[in-house]
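The following note sets out points for a colleague on a pocket, a helix pair and model confidence.

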Amino acid sequence: MGQPVASRGRAATPTLGKAMLNKYARAFFTRVLTPFAAFLIRRGVSPDTVTLIGTAGVVAGALVFFPRGEFFWGTIVITLFVFSDLVDGNMARQLGRSSRWGAFLDSTLDRVADGAVFGGFALWYAGSGDDNILCAVSIFCLASGQVVSYTKARGESIGLPVAVNGLVERAERLVISLVAAGLAGLHGFGVPGIDVLLPIALWLVAVGSLVTLIQRVVTVRRESAEAEAAEASQVSQAGQGDAQSSEAAK
């Protein structure tokens with residue numbers, strides 16, 4: 001679902017795996033999973049295959065368990081497949097492989113995984129959860145997350161740095177939602193009142209995503225104006241230089 005920058009050739013964007021595993025845990029699990037990654041390489045498995053399997057696991061965990069209200073087990077399944085985030089990156093490093101295709105696949109499948117998680121929540125609230133407002137909030141989280149990612153990608157594609165750290169970016173959206181879902185799932189094991197955590201988390205993510213979207217739009221507008229002003233200044237200076245050269249030649 002997402003490989004380290006050095007191995008996959010993409011900009012530094014927090015992934016679900018990176019967010020859920022702090023730097024010390026990542027270092028530990030990287031050491032533990034290195035032999036497994038080497039084994040997969042010897043068996044001819046590619047990092048892209050592991051990425052696809054990891055995303056499929058996340059999608060299955062979200063769309064099989066969440067619509068039935070089994071938030072605890074759904075979160076467990078998703079978390080297990082998060083380890084593919086470390087395995088495929090480890091494999092790519094061992095192979096010394098960095099490609100535009102890997103970066104594209106990684107980014108695309110991240111969006112698929114995000115959609116599955118919030119889509120699973122929406123399906124629950126549209127069905128047995130019986131809460132149209134929270135269904136709408138879940139859909140808003142899904143849509144706003146996609147648009148937030150798009151604004152940065154689009155801004156960078158037209159040559160702007162989009163230098164802003166939004167209030168709630170992808171890692172925060174997913175960690176807040178999944179931690180809340182996992183804890184809310186304990187309601188099924190007899191823990192009272194804990195199921196309220198998921199609605200709270202969804203509202204937080206929705207509001208945070210809206211703020212982040214506004215932050216990025218404002219940043220792109222400012223950077224665009226600055227870039228156009230700089231270009232106009234360069235054109236003006238170049239015109240003045242040509243005029244001076246023409247006068248000197250007379």
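1. Helix H5 gives the largest share of the lining of the second largest pocket, 3 residues. Helices here are DSSP runs (H or I, at least four residues), numbered from the N terminus. On a 1 Å grid over the protein atoms alone, a pocket is an open set of points with protein on both sides within 12 Å along at least five of seven lines, and lining residues have an atom within 4 Å of a point.

2. The model is predicted: local features need pLDDT of at least 70, side-chain atom pairs count only at pLDDT 80 or more, and totals for chains, interfaces and linings use all residues. Residues are numbered from 1 along each chain as its sequence is written, and side-chain values use heavy atoms, with hydrogens and water left out.

3. Of the 16 residues lining the second largest pocket, Gly-69, Phe-71, Ala-184, His-187 and Asp-195 lie nearest its centre. The lining divides into 9 nonpolar, 5 polar and 2 charged residues (Ala, Val, Leu, Ile, Met, Phe, Trp, Tyr, Cys and Pro count as nonpolar, Asp, Glu, Lys and Arg as charged, and the others, Gly among them, as polar).

4. Helices H4 (residues 47-65) and H7 (residues 100-126) have axes that come within 8 Å and cross at roughly 10° (axes are lines fitted to C-alpha atoms over the stretch in contact, with angles from 0 to 180 degrees between N-to-C directions). H4 and H7 are therefore roughly parallel to each other (angles under 35 degrees).

5. The protein chain has a mean pLDDT of 86, and 85% of its residues reach 70 or more (pLDDT is the predictor's confidence in each residue, from 0 to 100).

Terms used: Helix = DSSP H or I, 4+ residues; strand = E, 2+ residues; numbered from the N terminus. Parallel < 35°, antiparallel > 145°, perpendicular 65-115°, else oblique. 1 Å grid on protein atoms, 1.4 Å probe; cavity = no way out; pocket = protein on both sides within 12 Å on 5 of 7 lines; lining within 4 Å.
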